[in-house]
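Visitor: I would like to learn how to read helix packing and pockets. Please walk me through an example.

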Amino acid sequence: MKEQLRINISKDVLSAVKNHVASTGGLRVTGLYNLVWGDIEHELIDAVLIHTRGNQSKAARMLGIDRNTLTKIKKRQN
């Protein structure tokens, strides 16, 4: 199950990146790493916080990070 989820997420990210690059109409693409990672990070954290009903300790455990790290990431996003 975990492996299938990883494969699905990987396919979704690959598809999104391909679509983004194709949508530029051949223009030079720059800053793609920060663009993609910033969006994924933000959506991932929001989804986990929704799932945990805002409980940052539970969210941090689900994400495999320290609660203080989660707090710093959230502050950076705002």
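Visitor: At what angle do the axes of helix α2 and helix α4 cross?

Guide: First, the ground rules. This is a predicted model, where local features need pLDDT of at least 70 and side-chain atom pairs count only at pLDDT 80 or more, while totals for chains, interfaces and linings use all residues. Residues are numbered from 1 along each chain as its sequence is written, and side-chain values use heavy atoms, without hydrogens and water.

Guide: Two packed helices are described by the angle between their axes and the distance between the axes. Here α2 (residues 32-51) and α4 (residues 67-77) cross at roughly 120 degrees, and their axes come within 11 Å. That makes α2 oblique to α4. The crossing is left-handed.

Visitor: Which residues of α2 and α4 make the contact?

Guide: Contact means heavy atoms within 4.5 Å. From α2 come Glu41, His42, Ile45, Asp46 and Leu49. From α4 come Leu70, Ile73, Lys74, Arg76 and Gln77. By class, four are nonpolar, two polar and four charged.

Visitor: What volume does the largest pocket have?

Guide: A pocket is an open set of points on a 1 Å grid, where a 1.4 Å probe fits, with protein on both sides within 12 Å along at least five of seven lines; lining residues have an atom within 4 Å of a point. The largest pocket has about 230 Å³.

Visitor: Which helix gives the largest share of the lining of the largest pocket?

Guide: α2 does, with five residues. α3 (56-63), like α2, supplies at least two. The lining includes Trp37, Glu41, Ile45, Met62 and Ile73. Its classes are eight nonpolar, no polar and one charged.

Conventions. Axes fitted to C-alpha atoms, helices over the stretch in contact; angles between N-to-C directions. Helix = DSSP H or I, 4+ residues; strand = E, 2+ residues; numbered from the N terminus. Parallel < 35°, antiparallel > 145°, perpendicular 65-115°, else oblique. Left-handed = near helix turned anticlockwise from the far one by under 90°. Nonpolar A, V, L, I, M, F, W, Y, C, P; charged D, E, K, R; others polar. Points joined across faces, edges and corners; volume = space filled by probe spheres on them.
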